[in-house]
Amino acid sequence: MTSFDLSEPLSHSASETIGMQDWTGLLRLHLSRPRQALSTICLTELDQAFTAWGVVTLVIFSMAQFSALTWTTQALIDAALTGATIAGTSGLTWQIASIAKLRWVVALWAVLMMSGMVVTAYGIFASVPMILVNLCPLWMGLCTLGYGAMAVGMGSRCFSACTGVHAAVIALLNLNPSWQFFTSGWVIALTLFFFSVVPWDMRDAEEDEPC
């Protein structure tokens with residue numbers, strides 16, 4: 001699990017600060033530019049999970065904002081994407097979560113995302129106005145709850161700040177209702193992309209063990 005001391009500068013790359021990552025799942029992306037040396041970006045399994053959710057989030061919320069597809073069609077696509085991502089990222093991060101004693105985090109997000117998808121699908125197929133007009137606050141609220149639980153359970157200041165940002169965005173969504181999906185999608189996705197490339201802090205699990 002990525003961990004660092006907030007008193008230190010954040011200039012280190014994720015590959016330099018990973019402590020308990022299983023490097024067998026490392027994804028290396030080689031980038032090159034004309035007349036420049038070849039550079040490598042290393043994405044750990046955890047980074048890949050954050051990135052996957054970020055991409056899926058952008059796809060789902062962009063469809064809701066811009067697509068001409070019917071809501072029922074979008075609900076089916078969203079359910080398929082969400083289910084596949086839950087399965088894929090859970091399998092991807094389960095080993096590292098087990099080592100860090102954070103399997104509850106994987107289970108927490110799986111439950112939150114599935115719950116959100118069920119409520120969303122119900123609201124669309126049953127045409128429940130209260131749900132339909134609050135889809136963005138619903139998903140922002142689920143993210144706020146998830147990050148808040150991580151902040152408390154992991155003793156993380158980064159996730160505490162993230163919780164505050166998402167809660168603040170919920171309060172601001174009504175300022176521009178016509179762009180709620182666009183705003184929510186980018187806030188959620190950029191947060192995920194941020195955590196995929198920037199080290200974040202957590203309390204050492206060993207500190208919670210009795211002597």
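This is a predicted model: local features need pLDDT of at least 70, side-chain atom pairs count only at pLDDT 80 or more; totals for chains, interfaces and linings use all residues.
View 1. Helix 8, which covers residues 180-197, gives the patch its largest share, with 3 residues. Look also for F66, which belongs to helix 2 (residues 45-66). At a relative accessible area of 52%, F66 counts as exposed because the cut-off for that class is over 50%.

**View 2. The salt bridge between D201 and R157.** Searching the whole structure turns up 1 salt bridge. Here D201 pairs with R157, and their closest N and O atoms lie 3.5 Å apart. The two partners link distant parts of the chain, 44 residues apart: R157 sits in helix 7 (residues 157-172), while D201 sits in the segment after helix 8. Is D201 buried or exposed? With a relative accessible area of 4%, D201 is buried, since buried means under 20%.

**View 3. K101, a loop residue with positive phi.** Zoom in on the loop between helix 3 (71-99) and helix 4 (103-125), and you will find K101 there. Its phi is near 60°, a positive value in a residue other than glycine. For context, most residues other than glycine have a negative phi.

**View 4. S127, a loop residue with positive phi.** What is the phi of S127? The value is near 55°, which is positive even though S127 is a residue other than glycine. S127 is found in the loop that runs between helix 4 and helix 5 (129-132). The relative accessibility of S127 is 52%, so this residue counts as exposed.

Notes: Residues are numbered from 1 along each chain as its sequence is written. Side-chain values use heavy atoms; hydrogens and water are left out. Helices (H or I, at least four residues) and strands (E, at least two) are DSSP runs, numbered from the N terminus. Buried means under 20% relative accessible area, exposed over 50%, partly exposed in between (1.4 Å probe, protein chains only). A salt bridge is a side-chain nitrogen of Lys or Arg within 4 Å of a carboxyl oxygen of Asp or Glu.
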